[in-house]
Amino acid sequence: MEPGDSSEEPPLPLALERFQLSEEYGSLLPEPLTELPEPYGPWMEIAHDLPELITSHRLRSRVHQMPHLSTRHLHGRKELHLAHLVLSFITMGYLWQEGEEGTVKVLPQNLAVPFWEVSQALGLPPILSHADIVLANWRRKNPNGNLDTIIALPGGESLRGFILVTLLVEKAAVPGFKVGDPCPHSALMKRSMAGLGRVCSMLPAQGLCLQPPHPILCSLPHCCVFLLSWKDNPAMPDGLIYEGVSDEPMEYSGGSAAQSTILHAFDELLGIRHSEESAAFLHRMRGYMPPPHRAFVEEIHRAPSLKQLVLSSGDTRLHEAFNQCVSALVDFRSYHITIVTKYISVAAAKAKAGRAEQGTKAGSSIGKPPSALEAKGTGGSHIFCFLKSIRDTTREGMISA
Ligand code: HEM
């Protein structure tokens with residue numbers, strides 16, 4: 001090969017900005033806006049009152065009175081993300097105000113059309129996704145940096161705790177994104193992997209270390225109803241008609257951290273291959289990421305395989321460094337299973353038992369954990385089979401001695 005041939009030179013690191021990722025915030029929207037321009041006052045007023053409007057069963061009538069606003073006064077990515085956040089929260093409240101037993105088939109035009117248009121502009125689905133609930137839903141409470149959410153739902157502290165924990169994990173993963181591109185020089189590659197290993201092993205410590213059961217998250221199942229799908233959900237078997245957009249019902253999955261870029265990127269970087277069924281669910285979840293973040297994951301997938309480079313180096317220290325990364329990812333996934341058991345399964349079963357003891361009053365279905373939650377997640381996966389399967393296939397990604 002001739003000197004200067006570009007394939008001989010170390011590949012350039014992935015430029016994070018090209019994928020709307022930042023060196024400081026990773027996939028989080030940097031410093032999101034908290035208010036929309038003046039013409040959108042009616043949306044903001046409803047959004048700020050959501051918990052109260054939902055618990056008093058007045059949200060649907062407020063939405064019916066809401067003016068049909070044009071989206072043409074929205075400019076730039078931050079305004080569009082805030083509009084998507086606001087409209088997606090109003091939509092979830094509108095649909096699930098009466099719990100799983102009182103759903104509607106049609107989203108009214110004054111909400112459906114602007115929500116559809118903003119979703120098209122951002123390349124996001126017209127439902128509340130991880131990009132809304134976590135990435136665009138944070139603000140600083142004070143200059144010291146204490147964090148809060150911008151828009152809330154009933155379930156106050158529990159949902160807020162869940163959102164902020166996930167946000168901290170997003171932030172902790174940022175150094176891992178910077179390692180995206182493996183360099184063929186083994187010293188650099190080793191350094192990269194040591195960095196990635198540290199990131200993976202920090203994730204549980206940073207975000208999920210909520211032992212013993214954290215009181216804030218114990219009533220999480222009660223607010224999960226607002227994150228549910230209208231795809232493969234018996235409570236909405238026909239999906240949802242977006243009035244003024246299409247006469248045909250549409251189906252979308254609910255918000256889930258399975259839509260976060262982090263684990264998709266790490267899986268691709270380490271060449272982890274999941275079972276067909278689990279991979280199909282995870283790939284579908286990529287459709288719920290902002291398109292530039294999805295492109296980042298796909299770019300890592302197309303890059304030369306890190307595992308092959310490590311294997312062909314014949315360097316046992318590199319093999320070890322690689323396996324430490326995979327092992328940290330396995331630990332993260334094992335820890336995550338413990339968390340889901342504690343805060344979803346056990347908590348939902350306890351709430352059910354409590355209701356059975358007290359006898360549930362008719363019509364009191366808000367604040368009740370969704371019936372499917374013990375078996376299925378908000379994104380619609382069969383929780384434990386899925387989570388254990390991907391943890392086990394991650395372990396299979398190790399290089400054997
Ligand atoms: C109380 C805290 C949490 C609960 C109850 C929870 C619950 C769940 C559930 C039920 C699923 C299955 C997919 C679905 O159907 O939605 C899931 C998947 C997932 N969650 Fe969590 N989660 C929590 C915290 C987190 C955090 C902080 C992260 C970090 C970003 C995270 C990352 C993931 C990922 C990446 C998946 C996809 C599976 C994987 O790739 O390992 N979760 N979660």
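Just after helix α5, G123 takes a positive phi of about 75°. This is a predicted model, in which local features need pLDDT of at least 70 and side-chain atom pairs count only at pLDDT 80 or more, while totals for chains, interfaces and linings use all residues. Residues are numbered from 1 along each chain as its sequence is written.

Helix α5 itself covers residues 109-122. Buried positions in α5 are L111, A112, P114, F115, W116, V118 and S119 (buried: 20 or more other C-beta atoms within 10 Å of the residue's own, with C-beta atoms placed from the backbone). These buried residues pack against α3 (59-65), α4, β1 (106-107) and β4 (241-242), where contact means C-beta atoms, placed from the backbone, within 7 Å.

Turning to another pair of helices, the axes of α1 (residues 41-48) and α4 (residues 76-96) come within 10 Å and cross at roughly 55°; axes are lines fitted to C-alpha atoms over the stretch in contact, with angles running from 0 to 180 degrees between N-to-C directions. The contact brings together W43, M44, I46 and A47 of α1 with V86, L87, F89 and I90 of α4. Its residues divide into 8 nonpolar, no polar and no charged (Ala, Val, Leu, Ile, Met, Phe, Trp, Tyr, Cys and Pro count as nonpolar, Asp, Glu, Lys and Arg as charged, and the others, Gly among them, as polar).

Overall, the protein has 16 helices and 4 strands, taken as DSSP runs (H or I, at least four residues; E, at least two) numbered from the N terminus.

Definitions and conventions
Two residues are in contact if their C-beta atoms, placed from the backbone, lie within 7 Å. The expected span of a helix is 1.5 Å times one less than its number of residues. A residue is buried if 20 or more other C-beta atoms lie within 10 Å of its own, exposed if 12 or fewer, and partly exposed in between; C-beta atoms are placed from the backbone.
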